[in-house]
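Here are a few exercises to work through with the structure open beside you. Try each task before you read its solution.

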Amino acid sequence: MTKLTKSLKLSLVAAGLFSATASAASVAIVNATLHTSTEQGVLEGASVVIEDGKIVAINPVTVNADTTIDAKGQIVTAGFIGTMNQLGLVEVGAVAGSRDGGDDKAGIDFDPSLAFNPRSSLIPYARKGGITQDVIVPNGGDSIFAGLASVVDLSGSFESVNKKQVALVVHLGEKSKGSRAMSMKTLIDKLEGEKSAKKDDKKELSTEQKVLAAVLAGDMPLIASVQRASDIYELVKLKETYGINLVIHGGDDAVVVADALAKADVPVIISSMANLPGSFDSMHANLANAGKLEKAGVKVIIGVAGDSSHNVYQLRFDAGNAVSYGMSQQGALSAVTSNIADVFGLNSGAIAKGKRANLVMWSADPFELNSHVSKMWINGEEVSTEARQDKLRDRYTTDSAMPRAYTK
């Protein structure tokens, strides 16, 4: 073996050892108020240790870590999880070329995560609101089937898509043209057709067939965007008939059938800010609905209504609003963390050993307007919360001999 070969081999070994050491670096957060989103509840003066992207210890007898951070009593929660938006699939809503969340031809097999942009300027802004993961969904096209949802993290990495095809999204309810009955019939026909279809073991299944099979097996949730109580009730019966894993999105009238939803174990993704009817389908929209659903035993997920791709940052404020109108503090925290993880099968959303190390340290109560993110970790790595808005603020407020807004 030549000296050059030996030198190269030793260099590669050394580099490998350095890489392994770097990846194994551990971080301990001590003297924290941990809101665990688990049965342990809130732990005062607690510590959490993260390593290799996961939580490896809660309150160990001895804290041993490469880096120790004193939280000084600050609140640490699991990273919040956004839902039902096109974050990373749209940049400017008014610019067609920056919108990738829908297509006229979109259907059951449409997967917009193929166009996810982890470097979108909207992502750092969302991080400022404590969001570490997001369930991105298609907005669909001509079909009632909008397509497939995926889970992404907000690290900015090109490997940010954590889990593809986690749910099938279908749009039901009121129609500007035609009948809602036809939409429901279309859904039933698809489910019945797949259930009754004879499979040829020698023929590869299409993506559509695989998706429908997963929905019928209960392995893939069916997210139905619907508001009216009667439509929700029909969907609950559909769940009983086909054994599907049903999730209601919207559900302004869900409180009317809350007992049926709780009995059938159907989660509801709801805006806690809906307080006026937007249509004849949402006559029971009310600021207290999230709390009422929680008290009825429904698993509640809080989402941001409207242009949530640009405004998912406000998720924590919407959760705080739900608390002010009757939801429990723990229920609201679960509605933006662990409940979402449960519904979509994610190893996150809680502070527990073995969970993904998506953590947020807050200056104060995260549901209060005057609090902010002190530190944030995604997959165990600390990430910045500096956004475009911060850079613009600095640009326009920095004293300089140059004209206003120009800096050297």
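**Exercise 1. Find the bridge partner of isoleucine 75 in E14, then work out how E5 pairs with its neighbours.**

Solution. Start at isoleucine 75: its bridge partner in E14 is tryptophan 362. Keep in mind that you're looking at a predicted model. Next, zoom out to the whole strands: E5 covers residues 75-78, and E14 covers residues 359-362. These two run antiparallel and are joined over four bridges. Now look for E1, residues 26-35, which pairs with E5 over three bridges, this time in the parallel sense. To check that pairing, pick histidine 35 and you'll land on threonine 77 in E5 as its bridge partner.

**Exercise 2. Which residues touch the most other members of the largest nonpolar core?**

Solution. The core has 70 residues, and the ones to pick out are Leu168, Leu187, Leu235, Ile248, Leu261 and Ile302. Then ask where the core's members come from: helix H5, residues 229-242, gives the largest share, with six residues. Now zoom in on leucine 261. Skip its neighbours within four places in sequence, and you'll find it in contact with Ile232, Val236, Ile248, Ala254, Val266, Val268 and Val298. Last, look for a separate core: there is another one, of 19 residues, including Val137, Ala146, Val166 and Phe344. As a bit of background, nonpolar side chains in soluble globular proteins tend to be buried together.

**Exercise 3. Is helix H9 mostly covered or mostly open?**

Solution. Go to residues 315-324 and count: seven of the ten are buried, so "buried" here meaning under 20% relative accessible area, the helix is mostly covered. The buried ones are Leu315, Arg316, Asp318, Ala319, Gly320, Asn321 and Ala322. After H9 comes glycine 326, and its phi is positive, near 115°.

Note on methods
Residues are numbered from 1 along each chain as its sequence is written. This is a predicted model: local features need pLDDT of at least 70, side-chain atom pairs count only at pLDDT 80 or more; totals for chains, interfaces and linings use all residues. Side-chain values use heavy atoms; hydrogens and water are left out. A nonpolar core is a set of buried Ala, Val, Leu, Ile, Met, Phe, Trp, Tyr and Cys residues joined through side-chain atoms within 4.5 Å. Buried means under 20% relative accessible area, exposed over 50%, partly exposed in between (1.4 Å probe, protein chains only). Contact means heavy atoms within 4.5 Å. Two strands pair if DSSP finds at least two bridges between them.
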